[in-house]
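Me: I would like to go through this model with you and ask what lies behind the labels. Shall we take the terms one by one?

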Amino acid sequence: MSNIVSIQNIANYVDQQITIQGWLYAKTGKGKLQFLQVRDGTGTVQAVMFKPNLPEEIFEAGKRLTQESALVVTGVVKQNERAPGVPGGYELDVSELQTVQVAAEYPISPKEHGVEFLLDNRHLWVRSRLQWALLRIRATVMRACRDWLDSHGYLEMSTPILTPAAGEGTSTLFEVDYFGEQLYLAQTGQLYNEANIYSFGKVYCFGPTFRAEKSKTRRHLTEFWMIEPEMAYFTLDDLMAMEEEFVSYVVQRTLEERANELKVLERDTSALERVVPPFPRISYDEALDKLAKIRAETDDPELKELLQIEWGQDFGSPHETELTKLYDRPIFVYGYPSVCKAFYMEPWPGRPEVCKSVDMLAPEGYGEITGGSERISDPDLLLKRIHEEKLPAEAFTWYMDLRRYGSVPHSGFGLGVERTVAWIAGTHHVREAISFPRTLGRVYP
Ligand code: 4AD
Ligand code: MG
């Protein structure tokens with residue numbers, strides 16, 4: 001067999017004979033010419049079958065191929081500016097073709113399908129060009145996250161999925177019967193990483209997390225992936241400085257590595273090029289003032305209504321969207337009221353009703369992509385907060401211990417992979433940013 005090549009590397013093989021192992025994405029042509037759009041997982045290329053140049057049986061075999069048939073095709077790579085595909089600009093002048101399987105009639109055709117139909121067929125939908133581009137971007141985002149952390153002295157830890165205690169509030173817990181004992185699926189790996197920092201200094205965990213979210217929004221999944229760095233001796237300011245470096249790197253790396261995929265998605269990349277430090281830092285109180293101003297100035301009664309908010313309430317997506325419209329890159333909102341945040345957050349000095357929390361809000365209405373804080377390091381204060389939140393103190397005995405043996409100020413955050421990917425890729429709903437989404441009302445396939 002000749003030289004098997006990935007389509008993404010096709011530019012290196014101009015005028016050479018190569019072989020591609022893949023599937024038929026689409027087919028057009030008439031008479032003596034057949035154009036096969038062949039995809040191999042790394043890209044799509046147009047394979048041209050010209051009858052006079054081919055044995056009869058090969059040309060006929062090509063004509064019989066249905067959408068998604070598996071094939072191995074050999075030919076010489078030609079440059080052709082107008083050839084479609086990803087990366088595009090190259091085509092294959094076919095000399096050999098092997099049919100591996102002729103696919104049954106494929107349910108997803110180029111015509112428009114409803115989203116529920118596509119989600120029912122997610123196991124097939126992942127092959128479609130937009131979904132392919134999105135999930136390639138996702139892989140790069142995950143790789144970039146790891147690369148930045150690994151090269152900045154963070155050690156990757158694996159934290160448990162089966163947990164006895166609630167990390168992020170009791171209203172979104174998935175319960176698991178563990179041989180008669182009640183456990184929960186992890187909402188976060190953070191608490192365990194707070195233990196790990198006392199051995200390793202800077203750590204992160206990266207895995208699936210679970211929230212029984214009862215609301216159907218374009219930002220919520222019930223199973224989502226989170227990367228959570230945690231650092232000893234980090235203050236809130238240190239945390240923001242690190243987060244903006246980290247997120248900028250992830251965006252710039254994706255721009256570099258996934259230009260073709262961003263083009264497939266018709267993403268406005270100039271919006272991403274602007275994502276460089278420093279990100280604006282706005283306190284919750286300042287954010288409320290800005291929202292009040294927007295409300296006062298708008299003529300839209302619906303927006304006025306949506307933006308209504310009292311001190312102490314958490315932002316909804318209209319608030320986040322309007323705030324981020326004021327800026328051209330992600331913003332930090334810090335110092336939220338303690339009532340709308342988790343129990344472990346360090347109070348603001350002199351203002352115990354406020355905590356040293358920080359959320360990063362992505363531009364263009366994508367909302368909160370990271371949530372983090374400085375953590376309480378004082379044992380008495382932490383116990384008081386556990387009681388105030390009516391959490392079962394016994395489940396937190398080990399967590400309290402961390403405040404007894406060498407406790408230091410420390411901070412961390414979690415970045416939601418699907419929200420970050422949805423923003424970078426410019427796709428509307430987080431469910432397309434994961435290959436098999438779990439949401440309220442959907443666990444199939
Ligand atoms: O703000 P959250 O709840 O923070 C934590 O879980 C902290 N323990 C993280 C930490 O400090 N180590 O969640 C963090 C991020 C959010 O900003 C959001 O991007 C994402 O996780 N997220 C979700 N993504 C999709 N669907 C959901 N239901 C999500 N809930 C949170
Ligand atoms: Mg949050």
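**Labels and the values behind them**

Reply: Gladly, and let me start with open space: the largest pocket holds about 1,200 Å³. Among the 46 residues that line this pocket, E168, R211, D314, K341 and E368 are the closest to its centre. Please keep in mind that this is a predicted model.

Me: What makes this space a pocket rather than a cavity?

Reply: A cavity is a set of points from which the probe cannot get out, whereas a pocket is an open set with protein on both sides. Rolling a probe the size of a water molecule over the atoms shows where such empty space is left.

Me: Which element gives the most to the lining of the largest pocket?

Reply: That is β18, with five residues. At least two residues each are supplied by β12 (223-232), α11 (317-324), β18 (367-374), β19 (410-416) and α14.

Me: Why is T159 called buried?

Reply: Buried means under 20% relative accessible area, and T159 has 18%, so the label applies. T159 sits in the loop between β7 and β8 (162-163). Leaving out residues up to four places away in sequence, T159 touches G189, Y192, N193, N196 and C205.

Me: Which residues of α5 are buried?

Reply: In this helix, residues 190-200, the buried ones are Q190, L191, N193, E194, N196 and I197. Their cover includes β7 (155-157), β11 (202-210), β12, α13 (397-401) and β19. After α5 comes G201, with a positive phi near 85°.

Me: What makes the pairing of E432 with Q131 a polar contact?

Reply: The cut-off for a pair of N or O atoms is 3.5 Å, and the side chains of E432 and Q131 are 2.8 Å apart, so the pair qualifies. E432 lies in the segment after α14 (417-425). Beyond its neighbours within four places in sequence, E432 is in contact with R122, W125, Q131, L134, L135 and T427.

Me: And the chain as a whole: how many helices and strands does the protein chain have?

Reply: The protein chain has 14 helices and 19 strands. Of its 445 residues, 52% count as buried.

Note on methods: Residues are numbered from 1 along each chain as its sequence is written. Chains are lettered from A and ligands numbered from 1 in the order in which they are written. This is a predicted model: local features need pLDDT of at least 70, side-chain atom pairs count only at pLDDT 80 or more; totals for chains, interfaces and linings use all residues. Side-chain values use heavy atoms; hydrogens and water are left out. Helices (H or I, at least four residues) and strands (E, at least two) are DSSP runs, numbered from the N terminus. A polar contact is a pair of N or O atoms within 3.5 Å; within protein, one must be able to donate a hydrogen and the other to accept it, and residues adjacent in sequence count only if both atoms are side-chain atoms. Contact means heavy atoms within 4.5 Å. On a 1 Å grid over the protein atoms alone, a cavity is a set of points where a 1.4 Å probe fits but cannot get out, and a pocket is an open set with protein on both sides within 12 Å along at least five of seven lines; lining residues have an atom within 4 Å of a point. Grid points are joined across faces, edges and corners, and a volume is the space filled by probe spheres set on the points. Buried means under 20% relative accessible area, exposed over 50%, partly exposed in between (1.4 Å probe, protein chains only).
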